[in-house]
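Please open the structure in a viewer and keep the sequence at hand.

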Amino acid sequence: MDSKTNEKALESYLFIAFAAALISTLGSLYFSEIKKYIPCELCWYQRIFMYPLVIILLIGIIKKNYTIALYTFVLSLIGGSISVYHYLIQKVSFLGEHSMSCGVVPCTSQYINWFGFVTIPFLALTGFTIIAITSFLTLKKMKEGK
């Protein structure tokens, strides 16, 4: 594979990750600022890991710095782990009953429940998964290019 094709693939991976982070961020802001859903504590932790990804990925795209994929990979794994835990305490009654207290809004509450399984933590997990996969592919492609 020539370097131009490799560069295009790297750009595409970063752009997909950026789009996922931006859509996730805008989605969370829509739920809290427009729909007026008050985020629970675990939602705030997920936001802490998602929001910086938009800026980090945008800088990486502009500067064509693909090494940022290591940072986005790590942040998305941590954020995704929080999303998995949050989703499980919402959907698995035993875990929800024995979970930690979460503040003013219980972490087990489900503002949305589309199709019986799509909740806000599920949406966040989807975003984190897309970012983790594209970050991993970026790192793999960079290693192949050397």
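Leaving aside neighbours within four places in sequence, which residues is Thr 72 in contact with? To find out, select Thr 72, which is located in helix 3, and display the residues around it. The contacts of Thr 72 beyond four places in sequence are Leu 53, Ile 56, Leu 57, Ile 131 and Ser 135. The model on the screen is a predicted one.

Keep Thr 72 selected and consider its accessibility. The relative accessibility of Thr 72 is 0%. Because buried means under 20% relative accessible area, Thr 72 counts as buried. Thr 72 and Phe 128 are separated by 56 residues in sequence, while their C-alpha atoms lie 9.4 Å apart.

**Second stop: the whole chain**

Now zoom out and colour the protein chain by secondary structure. How many helices and how many strands are there in the protein chain? The protein chain contains five helices and zero strands. Read from the N terminus, the order of the elements is α-α-α-α-α.

The protein chain has 146 residues, of which 40% count as buried. If contacts between residues at least 6 apart in sequence are taken, 75% of them join residues at least 24 apart.

Select Thr 25, which lies in helix 1. Is Thr 25 buried or exposed? With a relative accessibility of 10%, Thr 25 counts as buried. Show the side chains around Thr 25 next. Not counting residues up to four places away in sequence, Thr 25 touches Met 50, Tyr 51 and Val 54. For Val 54, the distance may be displayed in the viewer: the C-alpha atoms of Thr 25 and Val 54 are separated by 7.9 Å, although the two residues are 29 apart along the chain.

Side chains of opposite charge can pair when their charged atoms come close. How many salt bridges does the structure hold? The structure holds two salt bridges.

Select Lys 8, Glu 11 and Lys 64 together; these residues are linked in a network of salt bridges. Begin with Glu 11 and Lys 8, whose side chains meet in a salt bridge with an N to O distance of 3.8 Å. Both residues lie in helix 1 (residues 3-34), three residues apart, which is about one turn of the helix. Lys 8 counts as exposed at 53% relative accessibility, whereas Glu 11 counts as partly exposed at 25%.

Then turn to the other salt bridge, in which Lys 64 pairs with Glu 11 and the closest N and O atoms are 2.8 Å apart. This pair links distant parts of the chain, 53 residues apart: Glu 11 in helix 1 and Lys 64 in the loop between helix 2 and helix 3.

Lys 64 has a positive phi of about 55°, although it is not a glycine. At 43% relative accessibility, Lys 64 counts as partly exposed.

Now select Phe 115, in the loop between helix 4 and helix 5 (120-145). Phi of Phe 115 is also positive, near 60°, in a residue other than glycine. Phe 115 counts as exposed, at 75% relative accessibility.

**Last stop: a nonpolar patch**

Finally, select Val 84, Leu 88, Val 92, Phe 94 and Leu 95. Together these residues form a nonpolar patch on the surface, with about 380 Å² of accessible area. Helix 3 (69-91) and helix 4 (93-97) are the elements that give two or more residues to the patch. Within this selection, highlight Leu 88, whose place is in helix 3. Leu 88 is partly exposed, with a relative accessible area of 33%.

Conventions
Residues numbered from 1 in each chain as written. Predicted model: local features only at pLDDT ≥ 70, side-chain atom pairs only at ≥ 80, totals over all residues. Heavy atoms only, no water. Patch = residues over 30% accessible without salt bridge, like charges linked within 9 Å, V, L, I, M, F, W, Y side chains within 5 Å. Areas by Shrake-Rupley, 256 points an atom, 1.4 Å probe, with all protein chains shown as cover. Salt bridge = Lys/Arg side-chain N within 4 Å of Asp/Glu carboxyl O. Helix = DSSP H or I, 4+ residues; strand = E, 2+ residues; numbered from the N terminus. Buried < 20%, exposed > 50% of the residue type's maximum accessible area, 1.4 Å probe, protein only. Contact = heavy atoms within 4.5 Å.
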